[in-house]
Amino acid sequence: MGSHPEYAIDLEKILSARTGGRHVSRFVLNALKRFLHVDFFNKFLVEGYEGVEFCTKSMEFMDISLKVEGLERVSLPEGAKITFASNHPLGGADGVAIGSIIGTNFSEDLGILVNDFLMNLHGLAPLCVPVNKLGSQSRNMPELIREMYAEKSCVLVFPAGSCSRKIDGVIQDKPWTKSFVRLSRENGRYVVPVHFIGQNSRRFYNLDVLCKKFGIKFNLPMVSLPDELYRARGKTFRVVLGEPVSPETFDSSRSDTEWAAYLREMVYKLD
């Protein structure tokens, strides 16, 4: 596609914006660039891919293979809108991979609810509505989410709101939030449960334990996610799609929180 240097990650600029313009030493900046593999990822980013193509081409660049199961289950009326609700074991590669699957097999008219830090990936940004995980939300964020559910043919959500952690000795999502159930029902969207089978390195989960044990508020596991993505190179992951759940299913027999828990359970039964 040619070179698009404006698509490259400018770590110094990002850090400046995140720290209110505070100076970051060259030593720290270079160390972070190495840990986050900025030069490696920029080799791909400057190619200038956008949207679903960005997702698909990034899988090729990372040499990540996908074994997709259950596509035949998702047989819906023409024009049906779909919310794909997935667990979030990797915090990076899983989102891009599922975005590629949706765009290739269903529709490129796709919206993804993401951590706002990912908006620094200009090729991915056109698909995304950002959620600020480190500070205050944009005032128009709730409206942007409502528009996404109302207008997009396909929506991809990770209702846990963060990457899976080790809970009770098992790598799994935190309890799912309920908003995707309400918004899917209100907008007549089918919900397709998605089970992405994979996990991060042992170090990632140890960092999470360390933060909790010592009361460290800084999100060390999240900062390590680019390195986890780098470590996913050359791997193969299974992705299993379940039967679509119609919006009429989400009736008053259960609360939206209970429906979210029900769908989370459905996902982990897909194996």
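1. A cavity, on a 1 Å grid over the protein atoms alone, is a set of points where a 1.4 Å probe fits but cannot get out, and its lining residues have an atom within 4 Å of a point. The largest cavity here is lined by Tyr7, Phe44, Leu45, Gly48, Tyr49, Phe54, His122 and Gly123. Its volume is about 30 Å³, where a volume is the space filled by probe spheres set on the points, and points are joined across faces, edges and corners. By class, five of the lining residues are nonpolar, three are polar and none is charged. For that count, Ala, Val, Leu, Ile, Met, Phe, Trp, Tyr, Cys and Pro are nonpolar, Asp, Glu, Lys and Arg are charged, and the others, Gly among them, are polar.

2. A word on the source: this is a predicted model, in which local features need pLDDT of at least 70 and side-chain atom pairs count only at pLDDT 80 or more, while totals for chains, interfaces and linings use all residues. Residues are numbered from 1 along each chain as its sequence is written, and side-chain values use heavy atoms, with hydrogens and water left out.

3. Next, the cores. A nonpolar core is a set of buried Ala, Val, Leu, Ile, Met, Phe, Trp, Tyr and Cys residues joined through side-chain atoms within 4.5 Å; buried means under 20% relative accessible area, with a 1.4 Å probe and protein chains only. In the largest one, of 37 residues, Phe84, Ile98, Leu110 and Leu156 touch the most other members. Helix H5 (93-105) is among the elements that give two or more residues, and H5 supplies the largest share, six residues. Helices (H or I, at least four residues) and strands (E, at least two) are DSSP runs, numbered from the N terminus. Apart from this core lies another, of 21 residues, including Val131, Met141, Val157 and Val181.

4. Now look at helix H7 (residues 179-186), where Phe180, Val181, Leu183 and Ser184 are buried. Their cover includes strand S2 (82-86), helix H6 (141-151) and helix H11 (256-269). Just after H7, Gly188 takes a positive phi of about 60°.

5. Which residues does Ser201 touch, not counting those up to four places away in sequence? They are Glu228 and Arg231, where contact means heavy atoms within 4.5 Å. The side chains of Ser201 and Glu228 also make a polar contact (2.6 Å), that is, a pair of N or O atoms within 3.5 Å; within protein, one must be able to donate a hydrogen and the other to accept it, and residues adjacent in sequence count only if both atoms are side-chain atoms. Ser201 is buried, with a relative accessible area of 15%.

Technical notes: Buried < 20%, exposed > 50% of the residue type's maximum accessible area, 1.4 Å probe, protein only. 1 Å grid on protein atoms, 1.4 Å probe; cavity = no way out; pocket = protein on both sides within 12 Å on 5 of 7 lines; lining within 4 Å.
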